[in-house]
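Thanks, everyone. Please have a look at it first.

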Amino acid sequence: MSLPVPSASAPFYPAAIAGHDSEAGARYTVRSPATGEPIAEVADCGAEVAQVAADSAQRGFEQWRQTTPFERAALLKAWHGAMLEAKETLALTMAREMGKPIREARGEVDYAAGFIEWFAEQAKRIDGDILPSPHPEKRLSVLRQPVGPVFAITPWNFPAAMITRKVAPGLAAGCSVIVKPAEQTPITALMLAELWRQVGGPAEVFQVITAERPAAISEVLMADARIRKLTFTGSTPVGKRLYAQSAATMKRMSLELGGHAPFLVFDDADIDAAVTEVMASKFRNGGQTCVCTNRIYVQRGIFDAFAERLAAAAAALAIGDPEDEATQVGPLVSQAGRDKAQAHIDDALAKGAQRLTPALSVDGLYVAPTVLTGVTPEMRIMQEETFGPVAPLIVFDDEAEAIAAANDTPFGLAAYLWTRSLGRAARVSEALDYGIVGVNDGAPSVPNAPFGGVKDSGLGREGGHYGIDEYLDCKFVSTRLDR
Ligand code: SIN
C-alpha cells in the first residue's frame with residue numbers, strides 16, 4: 001500500500017478521481033475521535049470535481065461494460081487478495097479515523113473483503129432467460145445488463161464494508177462507481193481505491209470523491225442523468241430527500257436507512273446464551289450499527305435474572321483506546337453522536353428509568369456501556385435510533401404482546417428473538433415486519449445473505465445473489481426469424 005496510515009503528522013490524501021489532481025485544491029482535516037487530534041488532510045472537493053468524476057465514470061462505464069464477466073471476476077479477485085494483504089494497515093486506519101476497536105476493525109476487513117470475493121464469483125452467474133414463445137416465428141429472450149454509472153454514498157460506521165458491499169456488485173455487474181465516503185472516514189475509502197488501481201483496476205471505473213460538506217457534490221451527481229443509480233446508507237431523513245431528488249432523473253435506488261431493532265427474549269431462553277447474543281448485537285461497534293439492538297423485551301419469568309446478567313456483562317466491557325488489543329468499546333464517532341446517546345440516557349432517567357450499570361463518567365467522546373430498566377414507550381430511546389452503547393430493557397407477558405411491541409415502529413431493518421421453541425421461532429420470525437431476523441443469533445450479517453429493510457428502513461437488498469440484481473437492468477429481446 002503506497003498510502004500512509006493516518007498519524008500525528010497528518011499526511012495528505014488526494015481524492016481518487018480519474019483526470020483530476022487534487023493536490024492544489026482545498027483540504028479539510030480528519031481528526032481521531034479517540035484523541036481529537038488531527039490525523040490526516042483530505043481533498044475537499046466541490047461541484048467542479050464532481051463534474052470531472054461524472055465524465056470519467058461515463059467513459060469508464062463505456063469501456064468496462066465491454067469486458068467479460070470473467071475478466072471482471074479476475075480483477076475483483078485480485079482486489080480481494082490485495083485487501084487481505086493490507087489487512088493490518090486498513091484495520092489500523094479504521095481504528096484511527098473512526099475509533100473502531102482494533103480487533104473489530106480486523107474483523108471488518110475480512111467481512112468487507114468477503115463481499116468482493118462473493119461478487120467476483122457472482123459476476124460469472126449473471127444469467128439471462130430464454131422464454132417459451134407463443135409465436136412459431138419468434139424467439140424470446142431476456143438479457144441482464146449493467147444499469148450504468150453509479151453514485152454510492154457510504155457511512156462512517158463501516159468504513160470498508162459498506163463500500164465493498166456497494167462497489168463490488170456494481171463492478172461485477174459492469175457498472176462504474178463513484179463513492180462519496182462519510183466526511184469522518186475518507187481514508188479507508190481512498191486506500192480501497194488505491195488497492196484497486198494497484199491490481200490493475202481502471203481508475204475511471206472506481207473513483208472516490210471526498211468532501212467535508214458534500215451537498216455540492218451530491219447536487220451535481222443527483223442531477224446528472226448519466227448517473228443511473230444511487231445507493232445510499234445513512235439516516236432515514238437524508239434517504240427520503242435523496243429518494244425525492246432522484247425522481248427528476250429516474251435513478252435506480254438502494255436505500256439502507258435507520259433501524260430500531262427489537263430483541264425479544266422468551267422465558268424458555270438459556271439466559272447466558274441470550275445475554276451473549278444481546279451483547280453481540282447491542283455493543284458491537286459501540287452500538288453504532290444500523291442493526292444494533294435498540295430495545296430489549298424480556299419475558300416476565302426471566303426478567304430479573306436476565307437484567308442482572310446483562311448489566312454485569314455490560315459493566316465488564318473494556319472501554320479505551322481503539323488501538324489497544326484489549327479494548328471492546330471505543331469512543332463514539334462525533335460529539336453529536338455522543339450527545340445523542342447521552343441524551344437518551346438522561347431523558348430515560350428523568351422519566352423514571354433506573355440505571356443497572358455504574359454511572360461512569362468518561363472524558364472525550366466515550367459513553368460507558370449502560371443498561372436501563374423501567375423503560376416506557378414515551379422515552380426518546382424507544383422511538384429514535386440511539387447509535388450508542390445503551391441497552392433499555394422492557395418486560396412483556398406473552399408472545400402477541402411482544403410481537404405487537406416489536407412491530408410498533410416506522411422502522412423495519414433487523415429484529416432478533418431468543419427461544420428454544422421451534423414453533424415460536426417460526427411464528428415470531430414470520431410475524432416480525434423486518435428485513436432481517438436473527439433467531440438465537442445477534443450477529444446474522446454475512447456477505448452471501450441479503451441485507452436491507454422495509455418501511456422507513458429503506459429499499460433494496462445488498463449482499464447475496466440479490467445484491468447484484470440492484471445493478472442490473474432487465475432487457476426483453478423478441479426476435480422474428482426469417483424476414
Ligand atoms: C450497518 O450498520 O449498516 C451494517 C451492519 C452490518 O453489516 O451488519
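When I speak of domains here, the bounds come from an automatic or database domain assignment. This is a predicted model. By that assignment, the protein chain is divided into domain 1 (12-257 + 457-477) and domain 2 (261-447). In the contact there are 28 residues from domain 1 and 27 residues from domain 2. Taken over C-alpha atoms, the centres of domain 1 and domain 2 are separated by 31 Å.

Now the ligand. Which domains supply the shell around the ligand? Domain 1 and domain 2 each give at least three residues to that shell. Among the residues surrounding the ligand are N157, F158, M162, E256, T289, C290, V291, S445 and F451. Y111, R165 and R284 are also part of the surroundings, and I come to those in a moment. By class, the shell has six nonpolar, three polar and three charged residues.

In Y111, a polar side-chain atom lies 2.7 Å from an oxygen atom of the ligand. R284 also has a polar side-chain atom 2.7 Å from an oxygen atom of the ligand. For R165, an N or O atom in the side chain is 3.0 Å from a ligand oxygen atom.

How much of the ligand's accessible area does the protein cover? On its own the ligand has 260 Å² of accessible area, and the protein covers 100% of that. As for the space taken by the ligand, that is the largest cavity.

That is what I have; comments are welcome.

Conventions
Residues numbered from 1 in each chain as written. Predicted model: local features only at pLDDT ≥ 70, side-chain atom pairs only at ≥ 80, totals over all residues. Heavy atoms only, no water. Near = heavy atom within 4 Å. Polar contact = N/O pair within 3.5 Å; in protein donor to acceptor, adjacent residues only side chain to side chain. Areas by Shrake-Rupley, 256 points an atom, 1.4 Å probe, with all protein chains shown as cover. 1 Å grid on protein atoms, 1.4 Å probe; cavity = no way out; pocket = protein on both sides within 12 Å on 5 of 7 lines; lining within 4 Å. Sits in = over half its atoms within 2 Å of the grid points. Nonpolar A, V, L, I, M, F, W, Y, C, P; charged D, E, K, R; others polar. Contact = heavy atoms within 4.5 Å.
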